Amino acid sequence: MASSSPSSTPPPPTATATTTTTTTTTTTTTPKYHTSLLTAQHCTGHVHLILGSNPLAAARASSSLAAGAKPILISPVPSSETPPDPSPSSQHQLHYSLASLIASGSLTHLSRPFADSDLFALGREEVDGVVDAVFITAPPASASSDLDARQIRHVSALCRRHRIPVNVVDSPELCSFSLLSVHADGPLQIGVTTNGRGCKLAGRIRREVAAALPLGLGAAVERLGEMRRKLVQEQQQQQQQQHQDASTAEVDEGVDDSIDQPAHLNKLVLQGDAEAEKTRRMRWLTQVCEYWPLRRLAGVTEEDVEAVLRSYPGGGGGGGGGNGNSNAEPARQLPGVPSPSGAFAPLPPPAGRIILAGSGPGHPDLLTRATYRAMQTADVILADKLVPAGVLDLVPRRTPVTIARKFPGNADRAQDELLAAALAAYRAGRTVLRLKQGDPFVYGRGGEEVAFFRASGVPDDRVAVLPGLTSALSAPLFAGVPPTQRDVADQVLVCTGTGKKGAAPRPPGYRESRTVVFLMALHRIEGLVKELTQAAAEDDGDDGDEEEEKEKEGKAARRRLWPLTTPCAVIERASCPDQRVIRTTLRFVAEAIEKEGSRPPGLLVVGRACEALYAPEKGRSWVVEDGFKGLDWGVEAGPSMGVAGMA
């Protein structure tokens with residue numbers, strides 16, 4: 001349901017690009033065009049008044065019934081106990097769908113003209129008889145309406161005066177709410193509105209969106225929702241047993257569909273974090289919903305759900321990267337993994353092959369031809385969870401795909417599972433593709449995996465590594481940030497924001513002409529900003545040229561701190577349709593991420609290059625740019641800024 005202002009007709013839309021901008025600012029801005037507040041109404045037991053006797057009235061009654069409401073039809077046109085002929089000759093006869101609903105007892109019919117008192121007498125007792133919504137199903141200009149134009153305007157004004165939601169078909173100026181063009185699949189509903197610009201276009205868009213969804217997605221929503229309910233119930237029981245206050249415990253991500261994934265669900269989880277262990281299964285479920293392709297989610301079965309519940313015991317038990325307790329089952333030695341003594345059983349003669357390949361930042365067109373060919377010919381694909389759906393959609397349907405079950409606190413265990421699966425498939429003579437995002441050797445653990453396979457007895461000629469376009473350099477481009485803009489930056493550093501086992505690496509020192517790209521940093525952004533801008537006890541040296549000269553001269557140099565006013569940009573899901581860029585400074589970046597939510601994968605770019613092609617406006621703490629223009633926008637859009645995806 002879309003709430004709209006009844007004061008005036010909204011102006012016509014203006015041509016806009018597919019990238020939208022949201023700003024957090026100390027001043028107010030006037031929107032370029034009217035939009036509505038989209039809500040989902042819980043209508044169980046509500047009373048909906050329907051005025052009219054045409055086919056649209058039947059559709060409104062059916063929609064009300066589907067939502068659990070009680071529709072009441074007011075029309076002077078009489079009805080009979082049995083449905084009339086589907087092709088009635090009389091124009092004064094109720095539509096046969098209405099007659100069928102009345103005959104079944106689902107629809108109450110008052111065969112008389114509407115009276116103003118109906119608004120305040122036919123509703124629920126708990127709201128003093130006021131009806132919950134009014135639907136007028138014929139426009140004022142219609143000759144077949146049960147109400148004339150003056151009466152329709154009077155009813156609309158009366159409803160709005162008493163804050164009763166009213167909808168008049170084809171008359172946006174008389175409505176306080178409008179109905180969306182809706183696709184429904186079980187508990188999943190997707191609505192589209194053009195805010196009165198053209199309902200036929202809304203229906204077309206709705207059909208296109210629905211056609212792009214995989215079959216069975218609604219049933220998957222039901223199954224995953226049931227899994228979530230079980231996890232919440234289980235954790236609440238554990239809290240009661242431990243005499244904890246369930247109202248203050250963090251049990252899951254919440255149920256508000258209007259909020260993006262909270263930033264805390266991607267916070268760093270260190271080994272031995274007992275509180276994080278309690279929510280590990282909920283974190284897994286949340287990240288599955290966030291990262292798995294919709295086609296894969298639609299194929300989730302009841303057996304899959306139960307298998308996950310068994311794989312990740314609740315209450316802090318279980319292994320997983322060394323985070324288990326003493327009661328956990330001992331970790332099994334993976335095939336080909338050296339034992340504590342350093343020995344391992346030799347593998348049989350190799351017959352298969354292992355390929356490590358980077359899939360680039362996210363857009364399918366940014367795959368290398370070599371990686372694409374590997375995807376088409378592999379027998380088994382083991383993909384990282386961050387590989388987007390657009391890339392996985394290119395995998396042939398015949399090829400089984402396993403997605404890493406990595407989430408905060410479980411990365412090591414999930415990595416071990418993938419390595420074990422790769423070795424097993426290799427030993428069976430199959431070609432295994434380890435599909436990673438970006439480039440395998442740029443913070444992709446590709447080198448570790450090559451070393452692991454080598455130590456496990458896999459010959460070097462049976463392991464291949466294919467490069468990928470790293471997001472460290474491509475993401476800034478899609479955000480309009482030139483890292484080496486002349487007279488602005490003369491060096492680029494690519495750093496990690498999180499070291500092994502969650503340790504904080506030593507940050508680079510400040511140089512005005514330096515651009516730093518931090519990968520794997522947003523989940524601990526507060527700590528990183530503190531490390532960049534505040535001195536630490538271990539800062540007894542620096543990596544800058546000036547500091548090295550001072551050290552040579554015997555002077556005690558310290559790492560130069562980054563000013564809080566340093567421009568920075570958070571770039572998430574670069575080159576994907578839901579790309580997002582947050583432009584701000586080090587002073588506000590942590591607050592911006594906390595308020596805007598998390599949309600992994602993302603990276604942080606720090607340095608003056610972030611404002612080389614972007615001029616910040618005074619009074620704004622940060623600016624959010626949402627959307628990606630694509631890679632061929634210049635052909636269609638004509639000449640403009642020559643940076644693909646730039647807002």
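This is a predicted model: local features need pLDDT of at least 70, side-chain atom pairs count only at pLDDT 80 or more; totals for chains, interfaces and linings use all residues.
## Basis of the model

Local features are given where pLDDT is at least 70, side-chain atom pairs count only at pLDDT 80 or more, and totals for chains, interfaces and linings use all residues. Residues are numbered from 1 along each chain as its sequence is written, and side-chain values use heavy atoms, with hydrogens and water left out.

## Helix 6 and helix 8

Helix 6 (residues 217–241) and helix 8 (residues 280–291) have axes that come within 10 Å and cross at roughly 160 degrees; helices here are DSSP runs of H or I with at least four residues, and strands are runs of E with at least two, numbered from the N terminus. The two helices are therefore roughly antiparallel to each other, a term for angles over 145 degrees.

The contact, meaning heavy atoms within 4.5 Å, is made by L224, M227, R228, L231, V232 and E234 of helix 6 and R281, M282, W284, L285 and C289 of helix 8.

## Aromatic pairs

The whole structure holds four aromatic pairs, in which ring centres lie within 6.5 Å, and planes over 60 degrees apart count as edge-to-face. F135 and F177 form an edge-to-face pair, with 5.7 Å centre to centre and 85 degrees between the planes. F135 lies in strand 7 (residues 133–136) and F177 in strand 9 (residues 177–178), so the pair ties together parts that are 42 residues apart in sequence.

F135 is buried (under 20% relative accessible area), at 4%, and F177 is buried at 2%. F478 and F628 form another edge-to-face pair, 5.4 Å centre to centre with 90 degrees between the planes, and both residues are buried.

How values were computed. Axes are lines fitted to C-alpha atoms, for helices over the stretch in contact, and angles run from 0 to 180 degrees between N-to-C directions. Angles under 35 degrees count as roughly parallel, over 145 as roughly antiparallel, 65 to 115 as roughly perpendicular and the rest as oblique. Rings of Phe, Tyr and Trp (its six-membered ring) pair if their centres lie within 6.5 Å; planes under 30 degrees apart count as stacked, over 60 as edge-to-face and the rest as tilted. Buried means under 20% relative accessible area, exposed over 50%, partly exposed in between (1.4 Å probe, protein chains only).
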